[in-house]
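Take a look at the structure below. Keep the sequence beside it as you read.

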Amino acid sequence: MSLRIPISVLSLAMTIGVGASFVYDVPEAYAQDTKKKQRRKEVDAAPVELNATTVAELTKIANERKLRVEDLSAALKTYLPSGTHDDYIIFASGGHSGQVFMIGVPSMRLLRTIAVFTPEPWQGYGYPVGEEILAAGKHEGKDILWGDTHHPALSETGGEYDGQYLFIGDKANARLAVIDLRDMETKQIVKNPLTISDHGASFVTPDSDYIVEGGQYSTPLGFNYASVDDYQAAYRGMVTLWKFDRAAGRVDVKKSFALELPPYFQDLFDSGKKASDGLIFGNSFCVESVTPGFNIGEVNFEAGCSQRDTDYLHIIDWKKAEKVFAKGGAKLVNGFPVISIKTAVDEGILCLTPEPKSPHGVDVTPNGEFVVIAGKLDPHVTVYSTKKIREAIAAKKYSGSDVYGVPVLDFDSVMEKQVELGLGPLHTQYDDKGYAYTSLFLDSAVARWTLGGEYASKHSEEPWKLVTKTPVQYNIGHLVAAEGDSVSPDGRYLVAMNKWSLDRFFPTGPLLPQNFQLVDINNPGTVMPVLYDMPVGVGEPHYAQMIKADKLKPWTVYPAIGWNPQTQSIDPTAVKAGEEKIVRDGHDVTVYMTAVRSHFAPDRVEVTEGDNITWKITSLEQSIDTTHGFCIGGYNINLSLEPGEAATIHFKAGKPGVYPFYCTEFCSALHLEMLGYFVVKPADGAVKVTEASSK
Amino acid sequence: MSRHSLFSLMGPRVSDQELLTRGARYAAPTVTLALARILLVVSIFFPYWSMMLEAPQYPDGLEIVAFVNTLAGDVQEVDGLNHYIGMRPLGEAASFERASSVWMIVAMFLLIEGAASVRSRWAVLLVLPALLFPLGFIVDLQFWLHHFGQNLDPHAPLSSSVKPFTAPAIGVGEIGQFRTIARLETGWWLAAAGSLVTVVGLVLHRRAYKPLHDAAKHRGAIGVAG
């Protein structure tokens with residue numbers, strides 16, 4: 001009988017097994033697993049061996065192309081064979097284009113642009129999908145059709161790039177945008193209600209609690225009129241702290257607030273981190289408070305606002321500011337909460353300290369110990385100790401206060417070092433070897449110099465000294481090193497963002513591209529060669545972020561069919577396969593359409609002149625790169641339907657006629673055949689309307 | 001049922017004395033056939049068959065994976081491509097088989113359990129479905145591949161360039177710009193191993209119970225052991 005027992009156990013096991021096979025979705029689990037596997041074979045990485053023949057062949061090519069040995073080395077460091085991917089990704093501001101550029105490093109290939117502040121037809125951004133995002137960026141009710149994108153910031157967790165979101169400011173219109181890095185699409189634009197220009201946007205606090213937007217040209221806050229003659233009384237600067245709701249992937253405007261600042265032209269900002277967590281640093285120019293049109297003797301405005309030897313570094317305790325805001329210490333200006341200068345001073349939120357005049361970069365070192373100010377008109381970078389700043393604030397070591405009553409910390413008490421680098425220091429980033437890199441605009445060079453403090457042990461040179469300068473072509477603005485403004489920079493690569501290209505490329509007419517130059521910063525010491533030039537002929541990029549590529553996890557198809565990229569979830573009203581139809585309700589017509597290679601269903605849509613049309617369309621595709629376009633000529637309609645995406649658009653049927661609609665992406669061998677007719681009938685009702693539902 | 005027919009079905013009883021002295025001999029078929037059952041049930045959780053489709057524009061390939069009860073992998077994409085040549089959606093193939101397979105496996109499981117319980121040659125008949133199941137799977141698969149490949153919609157866009165075809169159930173085929181590589185997967189091999197173990201079980205079954213039969217016949221008596 002003992003033999004019977006295992007059999008019952010087996011039967012039980014079978015019952016459980018079979019039951020489980022119904023409950024647990026084995027094929028789904030298997031599919032998830034195989035999706036993760038890289039099925040493609042790895043490129044054969046057998047070591048290269050050069051023999052006499054190959055050396056002769058390569059030498060011949062080099063000589064025919066007039067390449068020097070260092071050129072060959074640069075080529076080998078940057079060339080990517082087809083199908084291999086870059087180690088780093090740059091997100092660069094697109095300047096006047098109002099876009100963001102996504103560039104691979106070290107290949108320096110433009111991977112794509114991301115439409116942000118400007119309607120962009122390829123991505124179907126604003127045609128009309130995305131119109132509501134753009135509409136949130138209106139100024140005083142007026143559509144703004146471009147942006148001057150300046151400073152992108154990647155979202156951070158603990159001061160490290162986390163690869164989830166990108167923020168970017170629009171200097172021309174004082175706006176901020178949020179880009180979701182899962183689908184590289186703009187999800188939100190917020191317009192600053194206080195001002196019309198900004199510059200210090202965007203910089204994040206170490207956990208992206210806040211996105212900092214510092215203003216630029218002082219105006220009356222809240223966008224009101226005041227005579228320029230009343231500058232000191234009526235004009236103000238500001239810094240806005242936009243609260244970021246990471247779970248929602250949006251700025252929470254209701255939890256955001258601003259600080260009123262003196263009408264110095266605030267410029268760049270940076271957030272403290274680690275040792276200086278809780279502080280925000282922002283610099284300024286024109287503390288002379290001269291105004292355009294107001295000349296001092298024979299001196300014009302630009303000279304007038306550089307009369308003094310120093311401007312002011314702003315030091316803001318954002319954690320204190322957050323508490324004051326929470327306690328109701330802010331007043332509404334144009335509906336937006338603003339902490340006044342007086343409150344900020346009384347609560348110990350704001351103080352100033354002198355900085356070399358007309359600076360640009362204010363860059364906190366990775367450990368948060370120092371802040372480096374690059375004063376464009378001073379050959380030094382000035383290094384401040386954040387510890388000394390905190391001590392000076394605690395001890396109230398003021399050298400006085402400015403005309404607005406803001407205490408000014410004694411310069412000598414907070415300054416750590418001044419390092420002479422050359423002419424026109426502009427912006428600084430860091431590497432993993434204890435070096436700092438500063439762009440020198442007038443010298444057209446990148447300076448490598450040594451940090452002191454705990455960084456002194458990381459390099460072999462004397463601290464606080466220039467190590468080397470590499471000439472770049474030409475007039476470098478910002479620079480970006482690999483994760484160079486995070487708490488753990490990677491070194492390896494640096495890109496000089498040059499304003500002029502002059503003779504570097506074939507002339508493109510009087511308007512020349514910018515020049516991004518890749519610089520190899522992998523070796524310590526004085527060797528720091530330029531490897532590659534990349535022309536940027538789309539706009540003038542300002543700042544960029546360079547992130548390790550494997551930190552980004554972009555989707556290649558949307559997670560499910562019927563996806564709404566705006567909510568990043570399935571749209572429950574999205575059209576499903578088999579449910580295509582056209583529904584009429586008086587003058588309201590709703591089209592339920594699907595798109596799949598190579599067919600729109602339904603492919604004939606007949607309406608009457610003046611009908612209000614809601615057109616819903618879902619891409620049924622679930623394979624990589626199977627994007628469909630959908631355009632109707634004459635209507636400014638062009639959608640980019642990425643795999644799985646669902647869209648809903650509204651428009652009014654116009655002049656009677658026959659409007660072919662077609663797929664604007666070459667999706668398949670029968671792409672040209674992927675079309676339909678949108679027929680608008682005259683309103684006299686002579687033609688009978690037929691209910692059409694085709695598949 | 002008469003005592004005789006019951007005997008011919010169940011076979012001779014094994015006395016407790018016999019079990020104690022030669023336990024291993026009788027345990028062997030029981031344990032072996034238990035293993036066969038386990039293999040069969042476990043196979044449900046693994047793919048039986050896969051077809052990889054390679055083409056220039058699919059550097060990672062497309063993969064169709066068949067479980068006994070469902071299809072997985074890039075079914076939607078392959079269906080999308082197939083509509084150009086007029087092939088019906090893969091989901092319409094072998095729908096009866098997929099719907100009933102788990103129950104068929106339950107039945108086969110119980111039949112093997114029956115085989116382990118009887119002490120007669122009926123055991124052979126009882127394990128026969130499970131024994132032939134892996135072979136049957138391949139035959140059925142090839143039938144459907146043939147049926148689908150041969151019955152293309154003549155109005156399909158590419159009907160002029162892609163003629164009816166039969167993709168091999170195992171091995172390499174070619175259709176349009178695609179190369180198809182079909183192979184048996186873990187689940188099938190588990191079921192096949194189950195078959196093999198079943199054969200071993202049968203041999204052990206025969207070794208254990210044949211002598212009892214022969215002895216019973218020899219004595220010409222029924223129910224000696226009872």
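The paragraphs below go through ring pairs, charges over rings, a helix pair and some backbone features.

This is a predicted model: local features need pLDDT of at least 70, side-chain atom pairs count only at pLDDT 80 or more, and totals for chains, interfaces and linings use all residues. Residues are numbered from 1 along each chain as its sequence is written, chains are lettered from A and ligands numbered from 1 in the order in which they are written, and side-chain values use heavy atoms, with hydrogens and water left out.

Start with the aromatic rings. Rings of Phe, Tyr and Trp (its six-membered ring) pair if their centres lie within 6.5 Å. Planes under 30 degrees apart count as stacked, over 60 as edge-to-face and the rest as tilted. Over all chains, the search of the whole structure finds 39 aromatic pairs. One of them joins Y210(A) and F257(A). Their ring centres are 5.9 Å apart and their planes stand at 80 degrees, so this pair is edge-to-face. Y210(A) lies in strand β9 (residues 210-215) of chain A and F257(A) in strand β11 (residues 250-261) of chain A, so the pair ties together parts 47 residues apart in sequence. Helices (H or I, at least four residues) and strands (E, at least two) are DSSP runs, numbered from the N terminus. Both Y210(A) and F257(A) are buried. Buried means under 20% relative accessible area, exposed over 50%, and partly exposed in between (1.4 Å probe, protein chains only).

W615(A) and F678(A) also form an edge-to-face pair, with 5.5 Å from centre to centre and 70 degrees between the planes. W615(A) sits in strand β39 (residues 612-619) of chain A and F678(A) in strand β44 (residues 675-681) of chain A, so this pair ties together parts 63 residues apart in sequence. W615(A) is buried, at 0% relative accessibility. F678(A) is buried too, with a relative accessible area of 0%. Ring pairs link W615(A) and F678(A) into a cluster whose members include F600(A), F630(A) and Y635(A).

Charges can also meet rings. A charge sits over a ring if NZ of Lys or CZ of Arg is within 6 Å of the ring centre and within 35 degrees of the ring normal. K376(A) lies over the face of F285(A), 5.9 Å from the ring centre. The charged end of K581(A) sits over the ring of Y592(A), 4.9 Å from its centre.

Now turn to chain B. Helix α6 (residues 122-150) of chain B packs with helix α7 (residues 186-219) of chain B at an angle of about 155 degrees, and their axes are 9 Å apart. Axes are lines fitted to C-alpha atoms, for helices over the stretch in contact, and angles run from 0 to 180 degrees between N-to-C directions. Therefore α6(B) and α7(B) are roughly antiparallel to each other (under 35 degrees is roughly parallel, over 145 roughly antiparallel, 65 to 115 roughly perpendicular and the rest oblique).

Finish with the backbone. Most residues other than glycine have a negative phi, and most peptide bonds are trans. The peptide bond from V105(A) to P106(A) is cis, with omega near 15 degrees. P106(A) lies in the loop between β2 (99-105) and β3 (109-115) of chain A. R492(A), a residue other than glycine, has a positive phi near 65 degrees. R492(A) is in strand β29 (residues 491-498) of chain A and is partly exposed, at 28% relative accessible area.
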